[in-house]
Amino acid sequence: MKNIFYTLLLAASALTLASCTADDPDESKSVIVTPNEEQTEFDKWLETNYTTPYNIDFKYRYKEVESDFDYYTIPAKYEDAVMMAHLVKYLCVETYDEVAGTAFTRRYFPKMFFLIGEWEYRNNGTIILGTAEGGRKILLSGLNHLNSAMAMGPEAMNQYYFKTIHHEFTHIMNQTKDIPADFQLVTGTGYVGDMWNEEPYESEYLKNGFITDYSQHSYQEDFAEMLSMYITNSEDRWNGWLEKAGEVSASKISAKLEIVRRYMKENFNIDIDQLRATVQRRQADIFSNKVDLFDITVK
């Protein structure tokens with residue numbers, strides 16, 4: 001997905017390190033050291049709302065070892081981290097609690113979130129919004145653009161953050177239960193790898209039987225895009241895409257959706273229509289200010 005935010009060009013400066021007694025750095029410590037190592041009120045809130053009930057480590061302090069060394073990364077702002085912790089809890093964690101039960105969330109939801117402030121920029125003009133690693137960790141980038149996305153509304157928030165979380169969680173579920181073999185046969189000749197953001201693929205994905213341009217990368221990404229796009233968008237919006245795709249291509253998208261529907265029901269006893277309704281309702285709560293996104297009172 002193309003970056004629509006204006007960003008500052010960051011200049012990297014090289015540092016020469018003096019020799020010391022240990023040749024290797026201590027990678028167990030943060031690159032950015034806070035003067036006060038004591039547990040903050042936010043840490044206590046995270047322990048109460050993430051660690052204790054779900055065994056989830058929500059990392060908002062910058063840790064070099066958790067970042068991707070292939071990209072320039074920066075810390076997330078504290079206020080944005082607090083907001084995101086509330087958003088992930090209300091829109092994702094508690095959504096799956098409501099639809100699938102707390103036992104499901106505790107078993108399958110990733111055990112670590114790591115936040116960074118900027119997007120990870122690739123040299124082909126695309127940005128990495130998030131990644132899932134080993135079925136246990138989700139990296140969320142671009143936290144310092146969170147307020148801009150909130151001001152733009154639900155569609156921007158889904159495009160840059162919450163569709164990403166549901167997409168990456170789908171990958172984690174796929175590592176537990178394999179994608180059905182018949183899924184990749186529906187549009188099997190349409191996958192184009194890294195050319196997905198080039199023309200004509202970037203603009204004609206619906207006519208090719210894909211719900212997003214990135215779906216054309218591979219059947220694994222297609223599956224994750226199908227589920228995440230379905231549950232984060234309204235029925236009217238989804239039907240609008242099918243109409244735009246045309247009858248033949250819409251039938252392919254619908255066929256893939258039915259496989260996703262069957263997969264979620266048979267493997268996790270989740271009705272994706274109920275999941276979508278819950279996501280939409282909770283999303284409306286956020287944008288009608290029914291949820292305090294900055295309250296870190298331990299209750």
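Asn289 lies in the segment after α10. The model examined here is predicted. In this model, the phi angle of Asn289 is near 60°, a positive value in a residue other than glycine. Asn289 has a relative accessible area of 68%, so it counts as exposed.

Asn269 is not a glycine, yet its phi is positive, at about 55°. Its relative accessibility is 52%. The cut-off for exposed is over 50%, so Asn269 counts as exposed. The peptide bond that runs from Glu199 to Pro200 is cis. Its omega is near 10°.

The overall fold comes next. The chain contains 10 helices and six strands. It has 299 residues, and 48% of them count as buried. Contacts in the chain with a separation of 6 or more were also examined. Residues 24 or more positions apart account for 75% of these contacts.

In soluble globular proteins, nonpolar side chains tend to be buried together. The largest nonpolar core of this chain has 73 residues. Met84, Leu87, Val88, Phe162 and Trp238 touch the most other members. Helix α2 (residues 78-100) gives the most to this core, contributing 13 residues. The surroundings of Phe162 were then listed, leaving aside neighbours within four places in sequence. Phe162 is in contact with Met84, Leu87, Val88, Leu91 and Cys92, and also with Met157 and Thr232.

Leu257 sits in helix α9 (residues 247-268). Its relative accessible area is 6%. Buried means under 20%, so Leu257 is buried. Residues up to four places away in sequence are again not counted. Leu257 then touches Met226, Tyr230, Trp238 and Ile272. Leu257 and Ile211 are 46 residues apart in sequence. In space, their C-alpha atoms are 10.0 Å apart.

Two residues with polar side-chain contacts were also buried. His167 is found in helix α5 (residues 154-176). Its relative accessibility is 4%, so His167 counts as buried. A polar contact of 2.8 Å joins its side chain to that of Glu221. Not counting residues up to four places away in sequence, His167 touches Tyr214, Glu221, Ala224, Glu225 and Ser228. One of these, Glu225, has its place in helix α7. Glu225 has a relative accessibility of 1% and therefore counts as buried. The side chains of Glu225 and Lys163 are joined by a polar contact of 2.6 Å.

Finally, the packing of two helices was examined. Helix α7 (residues 219-232) packs against helix α10 (residues 272-287). Their axes are 7 Å apart, and the angle is about 50°. The two helices are therefore oblique to each other. From α7, the contact involves Leu227, Tyr230, Ile231 and Thr232. From α10, it involves Ile272, Asp273, Leu275, Arg276, Val279, Gln280 and Gln283. By class, this contact has six nonpolar, three polar and two charged residues. Tyr230 and Ile272, both part of this contact, also touch Leu257.

Technical notes
Residues are numbered from 1 along each chain as its sequence is written. This is a predicted model: local features need pLDDT of at least 70, side-chain atom pairs count only at pLDDT 80 or more; totals for chains, interfaces and linings use all residues. Side-chain values use heavy atoms; hydrogens and water are left out. Axes are lines fitted to C-alpha atoms, for helices over the stretch in contact, and angles run from 0 to 180 degrees between N-to-C directions. Helices (H or I, at least four residues) and strands (E, at least two) are DSSP runs, numbered from the N terminus. Angles under 35 degrees count as roughly parallel, over 145 as roughly antiparallel, 65 to 115 as roughly perpendicular and the rest as oblique. Contact means heavy atoms within 4.5 Å. Ala, Val, Leu, Ile, Met, Phe, Trp, Tyr, Cys and Pro count as nonpolar, Asp, Glu, Lys and Arg as charged, and the others, Gly among them, as polar. A nonpolar core is a set of buried Ala, Val, Leu, Ile, Met, Phe, Trp, Tyr and Cys residues joined through side-chain atoms within 4.5 Å. Buried means under 20% relative accessible area, exposed over 50%, partly exposed in between (1.4 Å probe, protein chains only). A polar contact is a pair of N or O atoms within 3.5 Å; within protein, one must be able to donate a hydrogen and the other to accept it, and residues adjacent in sequence count only if both atoms are side-chain atoms.
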